[in-house]
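Let's take a friendly walk through a few local features of this protein. Have a look at the sequence and the model first, and then read on.

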Amino acid sequence: QEPRALQTLDKVIYRSDQPPSDYIELLSELSSLFEDCSPEQYSSIISCMTSVIVNVTEINEEIYASMRTILVDLLSSDKSDSFTQSKVFSCFGQLSKISPLSIQQDAPELLNQMIECIQNNREDPAFNESIAECIQNLVKVIPSFIQPHLQSIVPSFMELLSYETEPDPENEGENNENQAEEEGNENDDGEESDLPILMQCSILKCLAELVTDLPSDMAEIIPNIVEAACHFLEHSSCDLQSSAAKSIILMNDGLQTATYDTSHLISVIIKKIFKSPNTNVICELFYALGTLIGSSTFESFSEKRLGQIMNLFESSFNGTLEAVYSGPKVLDQDVLNPLFFSLRMFILTLGNNIESNSLSDHFISFLCPHLDSKKNMVKAYVANIYATMFFVAPSLQQIGASARDICFRTMTKSNESVNNIIISTLNYIINTDSG
């Protein structure tokens, strides 16, 4: 087989949002390639097999059984270099999601090997990136297997996070030119200078997952992990900024379980949203903001914090926050879902307090102009926010009626996404009216 053909197939499958319809047969065909290939091709085959199962959502223990021997043999083979082993670790991590029972037979030895590799290969960022991704996937399904190894995993990961990955100031101009190209290359072999950054992205998200799945065991280190996330929000790499925001989302449940005060993170994220020019980063920040607000209570908000949140949303919708716009008075399509998600979480947290201090009128003042948008998606989202206000404060009958009318005017035969928002909106209205 041609290496380039495998790599092309790998990229095509990885970038699709669902597995091939005949993915079991395809995995079998890929497995058969090991019968007649050179060791140099091992990593390409394993990478392709991993891409096939990335988007598989059904539980299928038979897949693990069919791939296990190949993976175990590759880890113990003298012919497998560190790059091939890193691909095997990534594959095990993905398999754990669809074969959570079968993975348990190999988890102890797999973890021992990964820990040994972390300690002996600190200078190999691609290797450590794969290990972090594997552990993140494993802890989601078998946290009890990870718990005994935390004393080895966490200190090593924290040390790797401490490595300096900011570019040399002399090369800053070149770095800025390449900044836009950093996004969305998760399955491509990055430039060598990017590998430590990608490693830190994976480690940060892995530590966040450990916090959520093993909160009591991670309690003492939580402040350090939160501090690291805040630190990387200010990194020059957009990849690391996005990963820092994602890590806050990932660890939020664990932070709540550990009764860690997240209120200061709301201010940190808001300040970062105002400073960031990058749309992808802003999207992740709004998701993180909505997640934090959604797990807060109205009583936990100081008057200053309420004002800070309101100012962000007013700036987002009145055009002051230019980074969320793709043109004059045109909200960027990519920002819509995270922006309105965070606003919806804020209103749900406010509850019936939205009636006090004319808060509902304030929301209407900066949302209403967007009903003149040419995009039905924007109008549908605005209607959804109106309905959410009506839901938390049923006395706002006029706002509920406006939401209903917008839905009927905006419903379309050609856009399923818009109609899904409208259906959700009408459900809010119906449930509130029937209550």
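A residue is called buried when its relative accessible area is under 20%, exposed when it is over 50%, and partly exposed in between (1.4 Å probe, protein chains only). By that rule phenylalanine 340 is buried, with a relative accessible area of 0%.

Before going further, please keep in mind that this is a predicted model: local features need pLDDT of at least 70, side-chain atom pairs count only at pLDDT 80 or more, and totals for chains, interfaces and linings use all residues. Residues are numbered from 1 along each chain as its sequence is written, and side-chain values use heavy atoms, with hydrogens and water left out.

**Aromatic pairs**

The structure holds 12 aromatic pairs. Rings of Phe, Tyr and Trp (its six-membered ring) pair if their centres lie within 6.5 Å; planes under 30 degrees apart count as stacked, over 60 as edge-to-face and the rest as tilted. Here are two of the pairs.

| Pair | Centre to centre | Angle between planes | Type |
|---|---|---|---|
| Phenylalanine 34 and tyrosine 42 | 5.8 Å | 45 degrees | tilted |
| Phenylalanine 340 and tyrosine 381 | 4.9 Å | 10 degrees | stacked |

Phenylalanine 340 sits in helix H18 (residues 336-350) and tyrosine 381 in helix H20 (residues 376-392), so their pair ties together parts that are 41 residues apart in sequence. Helices (H or I, at least four residues) are DSSP runs, numbered from the N terminus, as are strands (E, at least two). Tyrosine 381 counts as buried at 9% relative accessibility. Both rings belong to one aromatic cluster, formed by Phe301, Phe313, Phe317, Phe340, Phe346, Phe363, Phe366 and Tyr381.

**Helix H22**

Which helices do the buried residues of H22 pack against? They pack against H18, H20 and helix H21 (397-410), where contact means heavy atoms within 4.5 Å. Among the buried residues of H22 are Val418, Ile422 and Tyr428.

At the start of H22, a side-chain oxygen of asparagine 415 comes to within 3.1 Å of the backbone nitrogen of serine 417.

**Serine 276**

Serine 276 is found in the loop between helix H15 (263-275) and helix H16 (279-294). With a relative accessible area of 3%, serine 276 is buried. Leaving aside residues up to four places away in sequence, serine 276 touches Gln241, Val281, Ile282 and Ala323.

Terms used
A polar contact is a pair of N or O atoms within 3.5 Å; within protein, one must be able to donate a hydrogen and the other to accept it, and residues adjacent in sequence count only if both atoms are side-chain atoms.
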